[in-house]
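Visitor: I'm new to reading protein models, and I'd like to learn it feature by feature. Could you walk me through one?

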Amino acid sequence: MAPVPNPRMIYAKPIPQGAWPVVGEHLVYDNSRTIDPETVPLNGGFLTKALYLRTRTNAAQALSRTCGRGCAKSIASYSSPMLAGAPVVGLCVMQIVRSEKPEFKPGDLVYGASHWELYTVQPYMEARRIWNPAEWPWWTANMDDFGDAQKIPDPKGAFSLSKYCSVAGSPGMTAYVSWKKYANAKKGETVFVSAGASAVGSLIIQLAKLDGMKVIASAGSDAKVEYLRSLGCDVPFNYKKKAYKEVLGEHGPLDVYYDNVGAEALAAALDNMNLFGRVIICGQVAEYNVAPEDRFGIKNTDMIFKRNVTVSGFLAPYIAGEYMGQFFEDVPRMLAEGELKSTERIYEGMEAAPQAFVDMLKGGWDTAEGKVVVSLVGM
């Protein structure tokens with residue numbers, strides 16, 4: 001077989017903290033490489049062809065902290081940054097083309113971390129960091145240690161494979177495992193979900209309704225509010241038009257707060273927690289791209305002990321194993337049966353990947369009207 005193009009997206013150079021990436025400058029489409037899928041050495045691994053690429057909101061931290069191979073960073077974060085000059089790494093739906101590993105066969109569908117390129121010999125190497133724990137704060141997770149390719153069921157037309165980039169993939173698993181582990185949900189209780197239109201937030205809303213809870217959820221546009229309502233949310237609101245403290249004061253108290261935002265949303269939730277309430281901190285997107293000195297600053301943490309509140313922060317890879325089997329039993333089935341909903345915005349082709357990435361960072365659902373996914377199907 002003659003060599004074929006192997007298009008990819010490169011993270012060309014670091015972005016100053018607080019700035020947004022520029023297409024063609026920081027995020028660059030590169031079609032200069034070729035690959036022969038039939039003869040490329042596998043070195044005991046396997047060759048994948050990407051079908052769908054998933055963007056993620058915490059990429060803002062990874063990008064603003066990007067540096068060259070082997071460098072250390074002084075900006076505190078929970079994870080290692082991306083490598084400048086290498087392909088972007090993200091979670092992908094892929095198909096096995098060739099394999100020297102007995103557990104993977106040609107045609108198998110897998111989901112895991114990989115280069116944003118059409119063909120990749122796994123495990124990916126070019127964007128893999130030379131990891132020296134001594135160069136990093138002790139709590140820093142090496143992201144290359146997470147996201148090994150896992151086989152996924154073929155939905156056989158029951159739902160699109162793109163759902164593995166949202167509700168049936170990592171965002172859905174993040175929501176599912178954290179809800180099962182920390183929510184202790186009871187029928188008739190009240191939950192507030194910030195960033196309710198996000199891939200994680202939208203599944204939390206649906207899981208809470210299935211548990212018989214009253215759901216309050218926030219979003220940043222009227223279109224998102226309508227989406228929340230379509231998911232069954234009881235009290236959806238646009239936080240840009242109505243203050244968190246006003247809505248939560250009217251519709252609380254809260255038994256559970258699922259935090260995707262931090263800042264003002266977290267402060268308002270703490271003021272409105274019920275006795276023995278539970279706060280689950282999944283992320284704090286409001287402050288990912290904000291310098292530490294400019295962040296909101298929570299001033300009412302005394303509510304935690306005054307209301308006997310339990311606060312649980314988590315990173316999904318550390319808790320996923322406990323509920324992963326149950327997740328893959330429940331969520332694909334519920335999708336196929338129409339019990340769960342999700343909305344994706346599909347960007348076609350690798351050339352569209354840089355813009356898709358920027359749209360996700362700048363506006364997410366507001367800009368894209370759904371979870372941002374890049375499709376390489378048919379390439």
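Guide: Helices (H or I, at least four residues) and strands (E, at least two) are DSSP runs, numbered from the N terminus. One caution: this is a predicted model, where local features need pLDDT of at least 70, side-chain atom pairs count only at pLDDT 80 or more, and totals for chains, interfaces and linings use all residues. Residues are numbered from 1 along each chain as its sequence is written, and side-chain values use heavy atoms, with hydrogens and water left out.

Visitor: At what angle do the axes of α5 and α6 cross?

Guide: Roughly 30°, with the axes of α5 (residues 244-251) and α6 (residues 263-271) coming within 9 Å. For the wording, angles under 35 degrees count as roughly parallel, over 145 as roughly antiparallel, 65 to 115 as roughly perpendicular and the rest as oblique. So α5 and α6 are roughly parallel to each other.

Visitor: Is the crossing of α5 and α6 left-handed or right-handed?

Guide: A crossing is left-handed if the near helix is turned anticlockwise from the far one by less than a right angle, and right-handed if clockwise. For α5 and α6 it's right-handed. Contact means heavy atoms within 4.5 Å, and here Y244, K245 and L248 of α5 touch E264, A265, A268 and A269 of α6. Sorted by class, that contact has five nonpolar, no polar and two charged residues. In this sorting, Ala, Val, Leu, Ile, Met, Phe, Trp, Tyr, Cys and Pro are nonpolar, Asp, Glu, Lys and Arg are charged, and the others, Gly among them, are polar.

Visitor: Which residues of α2 meet α3?

Guide: They're P171, G172, T174, A175, Y176 and W179, and they meet A199, V200, L203, I204, L207 and A208 in α3. That contact counts ten nonpolar, two polar and no charged residues. The axes of α2 (residues 170-182) and α3 (residues 199-210) come within 8 Å and cross at roughly 45°, which makes α2 oblique to α3. Their crossing is right-handed too.

Visitor: And at what angle do α2 and α8 pack?

Guide: About 100°, with the axes of α2 and α8 (residues 316-336) 8 Å apart. That makes α2 roughly perpendicular to α8. Among the residues in contact are Y176 and K180 of α2 and Y323 and F327 of α8. This contact has twelve nonpolar, four polar and four charged residues.

Visitor: How much space lies in the second largest pocket?

Guide: About 260 Å³. Rolling a probe the size of a water molecule over the atoms shows where empty space is left. On a 1 Å grid over the protein atoms alone, using a 1.4 Å probe, a pocket is an open set of points with protein on both sides within 12 Å along at least five of seven lines, and lining residues have an atom within 4 Å of a point. Points join across faces, edges and corners, and the volume is the space filled by probe spheres set on them. Here 18 residues line the pocket, and H115, E117, T120, V121 and M125 are the closest to its centre. The largest share of the lining, four residues, comes from β9. The lining splits into eight nonpolar, seven polar and three charged residues.

Notes:
Axes fitted to C-alpha atoms, helices over the stretch in contact; angles between N-to-C directions.
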